[in-house]
Amino acid sequence: MKIIAFIILLVSSPLIILISLLLFFQDRTNVIFTQKRMGLNKIEFKIYKFKTMENQKITFVGKFLRKLGLDEIPQLYNIIKGDMAFVGPRPLTQFDIERLKWNKPEYSKRWTVKPGITGLAQLSKICSSKLAMKNDIYYIENKSSLLDIKLIIKSLLVPIIGKQTK
């Protein structure tokens, strides 16, 4: 997977440069957003994304990057580093884990796989912590290359057809 992530990063480098220039000229600040997230076995790592917000508001360029999922491109570096996978549960901050009350032993299965750029919970139209956990556990218990390919294809289609339920 690291090799595939590297190839995608290399092929998308002209797009990365274009996005970086747009973001820089928009705000004249850093174009990459970093944040500590919890990964496999709740080991903390630094996630990389294109910066889409300024002063708690989504920027003009950020709106399009989020809609098309392009703000996630820098996470390919997280895959290369070994912190993330293409598919898996969403990487959360420690604050999110506490807010969702997902630090209980019954939720420990969620931390047995690497977090992913995309996953079942991210593709759901319904925003519910209970459903997100259910989707994460379903993914972990049914993890396969075929399921990963299916979720990656669905993720690539989100900008065109929107989010789907199972």
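A salt bridge here is a side-chain nitrogen of Lys or Arg within 4 Å of a carboxyl oxygen of Asp or Glu. Before you click, know that this is a predicted model, where local features need pLDDT of at least 70, side-chain atom pairs count only at pLDDT 80 or more, and totals for chains, interfaces and linings use all residues. Residues are numbered from 1 along each chain as its sequence is written, and side-chain values use heavy atoms, with hydrogens and water left out.

**Stop 1: charged pairs.** Select aspartate 96 and arginine 99: their side chains form a salt bridge at 3.2 Å, N to O. Both sit in helix α5 (residues 94-100), three residues apart, so about one helical turn separates them. (Helices are DSSP runs of H or I, at least four residues, and strands are runs of E, at least two, numbered from the N terminus.) Aspartate 96 is buried, with a relative accessible area of 18%. Buried means under 20%, exposed over 50%, and partly exposed in between, using a 1.4 Å probe and protein chains only.

Next, pick arginine 110 and aspartate 136, which meet in a salt bridge at 2.7 Å, N to O. Arginine 110 is in the loop between α5 and β6 (116-118) and aspartate 136 is in helix α7, so this pair ties together parts 26 residues apart in sequence. Arginine 110 is buried at 3%, and aspartate 136 is buried at 3% too. The whole structure has seven salt bridges.

**Stop 2: the cores.** Which residues have the most contacts inside the largest nonpolar core? Select Leu23, Phe50, Tyr139 and Leu151, from a core of 23 residues. Such a core is a set of buried Ala, Val, Leu, Ile, Met, Phe, Trp, Tyr and Cys residues joined through side-chain atoms within 4.5 Å. Apart from it lies another core of eight residues, among them Met38, Trp111, Met133 and Ile137.
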